[in-house]
Amino acid sequence: MYWLFLRRKILIVSLVMLVLLLAVSLYFFLWSTLKPPKDKSLPPAASSPLQEKRILIDVGHGGIDGGASKGDALLEKDINLEMALQLQKVLQNQGAIALLSRDLDRDLSGVDPNDRRRNTLDLTNRIRWANQVGGDIFLSLHMNSSQSSRVRGALLLYYKHVKEDSETERLAQHLQRELNYFYSSYAHKGEIYKHNPMKGNYFVLKHTKMPAVIVEMGFITNNEDRKVFQNEEFQQAFCEALVKGLIKYFSQVPDKYIPSERPGMNEGL
């Protein structure tokens, strides 16, 4: 009788353990299938659409021209350069040829800082550089500013007289949607982070001979943007998001198939 009782006890314990094991397995299976999918990582360089693409990165401002600021030591020109160097690395890892208009803290005017022609010559030399070295696309990196501290996020600018559905417009749309999607993980309630590309009379974009856009990466007047753009992990993530947009652009993916926000995000936050 004792052995019969012991065998039953072992059988019951074994069944309980089996049920628990099945329940745990089922839980992890459902969790893995129902949780939001992670962003796909960048493709291996060997299969990347960016292989051998010439990407021109115009690093905004520099030297005596600090660009936008909020009245302290954090200057747009410095963020632009840090982001350009980071973007260059990500692009090179994808097999692209990434060229910078500057890799030091200087402007491109070539004249004395007090020369009244400095700003015009700086812009003219950026255009001359782009057209001489040649490229598939031209990206001019900048930081934005706003009277409202609630406004943050990336804003794509392109020349107002380009044709509708042109390569330039398509490039702006791809990058805008990808960066809106990226920023939806960082936005807080009440912040305005979703934007549409804007046309304008931008001198640099008017005279470049390839699809060209200005990437206003964030708003230096927004405290959260100021904070994250000083974080190396965020800088890397932003550049990867930008490169994902470039990959979709060169892959001819229709921009309407690129989500502009993550699941669960509300339109106005």
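This briefing walks through the overall build, the central strands, the cores and a few individual residues of the protein shown above.

The model is predicted, so to speak of local features a pLDDT of at least 70 is needed, side-chain atom pairs count only at pLDDT 80 or more, and totals for chains, interfaces and linings use all residues. Residues are numbered from 1 along each chain as its sequence is written, and side-chain values use heavy atoms, with hydrogens and water left out.

**The big picture**

- The protein has seven helices and six strands; helices (H or I, at least four residues) and strands (E, at least two) are DSSP runs, numbered from the N terminus.
- Reading from the N terminus, the order of elements is α-β-α-β-α-β-β-α-β-α-β-α-α.
- Of the 269 residues, 44% are buried, where buried means under 20% relative accessible area, exposed means over 50%, and partly exposed is in between (1.4 Å probe, protein chains only).
- Take the contacts (heavy atoms within 4.5 Å) between residues at least 6 apart in sequence: 82% of them join residues at least 24 apart.

- Strand β3 (137–144) is largely enclosed by the rest of the structure, because eight of its eight residues are buried.
- In a regular strand, side chains alternate between the two faces of the sheet.
- Both faces of β3 are covered, with Ile 137, Leu 139, Leu 141 and Met 143 buried on one side and Phe 138, Ser 140, His 142 and Asn 144 buried on the other.
- β3 runs parallel to β1, joined to it by five bridges; strands count as paired if DSSP finds at least two bridges between them.
- Along that pairing, Ile 55 has Ile 137 as its bridge partner, while Asp 58 has Ser 140.
- β3 also pairs with β6 in the parallel sense, over six bridges, and here Ser 140 stands opposite Ile 214.
- β1 is mostly covered too, with five of its six residues buried.
- β1 and β2 are parallel partners over four bridges, and Arg 54 sits opposite Ile 97 of β2.

**The nonpolar cores**

- Nonpolar side chains tend to be buried together in soluble globular proteins.
- A nonpolar core here is a set of buried Ala, Val, Leu, Ile, Met, Phe, Trp, Tyr and Cys residues joined through side-chain atoms within 4.5 Å.
- The largest such core has 47 residues, and those touching the most other members are Ile 57, Leu 87, Leu 91, Leu 139, Val 213, Phe 229 and Phe 238.
- Elements supplying at least two residues each to this core include β1 (54–59), α2 (76–93), β6 (212–219) and α7 (232–250).
- Which element gives the most to this core? α7 does, with ten residues.
- Leu 139 touches, among others, Ile 57, Leu 87, Leu 171, Val 213 and Leu 246, leaving aside neighbours within four places in sequence.
- There is also a second, separate core of 13 residues, which includes Trp 129, Leu 157, Met 210 and Ile 214.

**Helix α3**

- α3 covers residues 118–133, so 16 residues, and its first and last C-alpha atoms are 22 Å apart, close to the expected 22 Å; the expected span is 1.5 Å times one less than the number of residues.
- Its buried residues are Arg 118, Asp 122, Asn 125, Arg 126, Ile 127, Trp 129 and Ala 130.
- Among the elements covering them are β1, β2, β3 and α5 (203–207).
- Gly 134 follows α3, and its phi is positive, near 75 degrees.

**Two glutamines to find**

- Gln 94 lies in the loop between α2 and β2. Is it buried or exposed? Gln 94 counts as buried because its relative accessibility is 3%.
- Beyond its neighbours within four places in sequence, Gln 94 is in contact with residues including Leu 42, Pro 43, Val 243 and Ile 247.
- Gln 86, in helix α2, also counts as buried, at 10% relative accessibility.
- Not counting residues up to four places away in sequence, Gln 86 touches Glu 232, Gln 235, Gln 236 and Cys 239.
- The C-alpha atoms of Gln 86 and Ala 237 are separated by 9.9 Å, although the two are 151 residues apart along the chain.
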